[in-house]
Amino acid sequence: MSSMPEEQSSAAFLGNVREALLETDKVQRRDMLGLFMPLLRDAAVNQFDQFNNLRKQVKDVKQHTLDNLHHYLSQFEKEALNNGNQVHFARDSSEMNSIVLGICQSHHTQRVVKGKSMVTEETRLLHHLQRADLSVVETDLGEYIIQQAKETPSHIVGPALHKSVDEIRELFLQKHDLGERELKGPPEMVAEARSVLREHFLNADVGIIGSNALIAENGYSMLVTNEGNGDLCANLPKVMIICTTLDRVVPRTSDAMAALRLLVRSATGQPISNYTSFYSGPRREGDVDGPTETHFVLLDNKRSDILASDYREMLQCIRCGACLNHCPIYIGVGGHAYGSVYMGPMGSILTPLLHSLEEAQALPDACTACGRCEEVCPSSIPLPDLLRDLRHEKSREKLTPRRWRLGIKTHAWLLARPRLYHKLSGLGIPVLAWLGRKKGSFKSLMLANGWTDQRDFPAPQGKTFMQQYDAQRKADDASR
Amino acid sequence: MQREADTRVNERKNTSSVPGFNVALYVTCLVDLFRPSVAFDTIALLERVGCKVSVPTQQSCCGQPSYNSGDYESTIPLAQQVIKAFESADYVVVPSGSCAGMITHHYPKLLEGAWRERALTLAAKTFELTTFLAEIAQMQEPFEDGVQLPSVTYHDSCAGLRELGIRAQPRDLLKKLRNTEVKELSQTEVCCGFGGTFCAKMPELSGKMTSDKLDAALATEAQILAGGDMGCLMNIAGRAKRLGKTIEVRHVAELLAGNLSKPAIGEGKS
Amino acid sequence: MPHDSARTEIMGKLQRVCQNAQPENIYAQLNSLGEAPAPILPSSQLCEIFLINVLKNQGTVACARDRSEAVKAVADHLHSRFRTRKLVTGNDPRLAAMPWRDGAVLPRFGAAEQGDNASLSYARIGIAETGSIVTYTGKSNPAANNFLVEDHIVLVDTANLVATLDHAWTQINKDQDKAGRPRGINFISGPSSTADIEAQLVKGAHGPRNWHVILLGDVPENALKNAQNAIEALLNN
């Protein structure tokens, strides 16, 4: 039985941030990512001149779908059953895990190959199956690497991007019993992973994959990959299990195509992924390969609650990762700091909703409201607004420290009384200006420790504007 | 992202002509307290294009600190205060992208019913300074006061950039009015790390972001770093001082008005 | 059964939250949202656009006027890559009827197995918008033939080229009306690749390392040359 990484928690976020900023080589790698991923995305979007119109239409259809999710989910279920699948519903993570384990055990499964699926990370399916003594291998290269390293993903699209070539070489040399060899660079490592994993694909009993869209009108599941590993999982083993959440439903194939055009451009800057596949069910007459038994496991895990809440727009997320790539906080501190399966702007919203605001309370504050995430979100989710709403909830639930809340309230109270405010600032500001007149700034300033921790505080010029303007006006009146 | 406020603002931009109009100046709390010369420079620019400028006294702050901290309840009275004080003007001009964005984009989100309507009406006539000068007043004539600006690089503050689309306007004005071509810094779209309360909540990360922005500005070898938002400018200037780096940080209003007489942000009299 | 109660509970929750309109009204609402804006192709030269996009997708291309030329193109590729002319190909009547001897190609008909270097698929559709080919699983093209080999060679008839992803689905839906839904529909738009190691792009992570597309039929004279020039221009920028 292999030991898995500890269950993560976002409660340690601020401490994690401090550590993350000290790891200079990782910081450098992230800075590179923060520079290049946006360029790739911009190039792809600029080449597709209909991008913004497409975004609008896709948003409208998705919101309509969520408004009628019961109808579309029922339609999908009906079509999927007609296509010969078994369809299971799971209320929460442990139910999903039990269902999947149950299917595996009913086939006396020993070996499982797995494609990339954030939902299965969310439920910790790998851990659950391994505890039941099944051999489970992640086949997406990034997921394989972190599985071997016993780590968690640092990015929802590129889970191992935090690891250096040297670290991965060390890992492969250690984990693959293949004798003396050099493993010069990524091409050699990929080739080695290819041959190691090939054996698993060929001998697995069960293949587990995720889904990028569940198409209601025909019961197809769309799978988007660049490696083709998901397709190997979906075509070679005798049993296939598709694990996903119920908000993945789209009404028609055309809606899946529209989303596809946005998804890949936003995620990697490609117009389309190398492999876009549509799987309908088990072997038909005429099939010479493919699973003989196929299952859908549809997870709720708070999605229906989110649907009923003010955060329902979060369900429009297609997991492209663009918001991560453009977020200065994510790029600054990396995915692991978030202590959650989901990170960056989308993770800072989802994690409190899936776990608790109390546990994840640091996340909504990890935001400068720069708005870059919303600008690039293909699903038009108002991420900064949702983050602010979570900060509002934090404030209401008194999770924000008392002195902050009181400070903000007091400041606002004073600002709502301009005459008093002008009087008080008219007294204090000129004093501050006089104190800072030579140097022009303060190395430390009462009540501004957060600021002065990292920067000097510029001194005021002199009297406040309102003081000066008032004086000017009085002088003008007097001279008439 | 098209908002209702944007439609009304765009209508306003197409039907305006300025001389003689009553413009109410929204000073912003940071300009009021830390750099009043920016407000005086703003008034000078507005009067130059023929506006009659007034300064409503019942103003203090647009409410961003409480709003962004999630205290909507404390922000609502501030929003109502701004609306009441300014809604009678023909135009409201704001030397800050974030404050202008707060008024035009967020007040309508914060308020309901009749107040929301009043917020939308106010939004339609509220403009950040460079947008007003470039698009409403359509300032084109070069100044002939003999002021030569040294080399300038420019910081695009996030709210102004993304909520109000401010990017070309300050550059066009600097070119036309002051014959100054902005030396672009790299990764202009990345946040400077101020973020209101963020800089206090995550100081190390904020410090790194500010350093990155400062380094990008220094790499242009421009003498002046200009921008339209005091929060960002004070942030970058303060970081420069702390790290012992030399760059003159000024508000774009000062450059357009040709007023380099005051020490730059964070600079003392010595 | 525990799973039934999960379904009941979830569907119950959704019903309470959703609009619960009549299906006809839901359908009408969906239609009122219109169609997604179609991508605008730079011209109507589908062959040229298809070839450019296949090349952009890290594929290699060849053109053939007839099946004999196609077989020779296949042979060229096999020989340059493997020094043999063996491949595996599906039980597709079109493939059975290919003049294999014209290229001295030695096909094995069936599903690819571990160890097979090359496979040949006769695509159902080629898509210009994205430089993709479409295959259905089945004995004409077992899924293994798309994924297990080192080199995947694909034949596409010019007559089966369509402009966009949506046009492809119009054709797929017609095929489904006649023959039912295939188990799997694969849109392939490149060789397998990954950038999971320090974001460096490497081909051949699990799926084929090489993807060679042969466009068969009336290809306009300059299509291939124009496509190659366009790619070179992109690389030089």
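Which residue of β6(C) does C:Gly126 stand opposite? In this model, which is a predicted one, the residue across from C:Gly126 is C:Ile133. The two strands concerned are β5, residues 125–127, and β6, residues 132–136, both of chain C. They pair in the antiparallel sense, over three bridges.

As a general point, strands of a sheet pair through backbone hydrogen bonds, either parallel or antiparallel.

On to the chains. Two pairs of chains are in contact, and of these, chains A and C share the most contacts. Chains B and C do not touch. Their nearest C-alpha atoms are 18 Å apart.

Next, the core. The largest nonpolar core has 288 residues. Those with the most contacts inside it come from chains A, B and C: A:Ala259, A:Val297, B:Val93, C:Leu51, C:Ile214 and C:Leu215. Which helix gives the most to this core? Helix α12 of chain A, residues 253–268, does, with nine residues. Take A:Ala259 from that list. Leaving aside residues up to four places away in sequence, A:Ala259 touches A:Val58, A:Ala213, A:Val250 and A:Ile318.

A:Gly179 lies between α9 (165–175) and α10 (186–203) of chain A. Is A:Gly179 buried or exposed? A:Gly179 counts as exposed, because there are 6 C-beta neighbours inside 10 Å, and the cut-off for exposed is 12 or fewer. Its C-alpha atom is separated by 35 Å from that of A:Gln8, which is 171 residues away along the chain.

The other is B:Gly63, in the loop between β2 (52–54) and α4 (64–68) of chain B. Here there are 29 C-beta neighbours inside 10 Å, so B:Gly63 counts as buried; the cut-off for that is 20 or more. Setting aside residues up to four places away in sequence, B:Gly63 touches B:Thr75, B:Leu78, B:Ala79 and B:Met102. B:Lys52 is eleven residues from B:Gly63 in sequence, and their C-alpha atoms are 26 Å apart in space.

Key: Residues are numbered from 1 along each chain as its sequence is written. Chains are lettered from A and ligands numbered from 1 in the order in which they are written. This is a predicted model: local features need pLDDT of at least 70, side-chain atom pairs count only at pLDDT 80 or more; totals for chains, interfaces and linings use all residues. A nonpolar core is a set of buried Ala, Val, Leu, Ile, Met, Phe, Trp, Tyr and Cys residues joined through C-beta atoms within 7 Å. Helices (H or I, at least four residues) and strands (E, at least two) are DSSP runs, numbered from the N terminus. Two residues are in contact if their C-beta atoms, placed from the backbone, lie within 7 Å. Two strands pair if DSSP finds at least two bridges between them.
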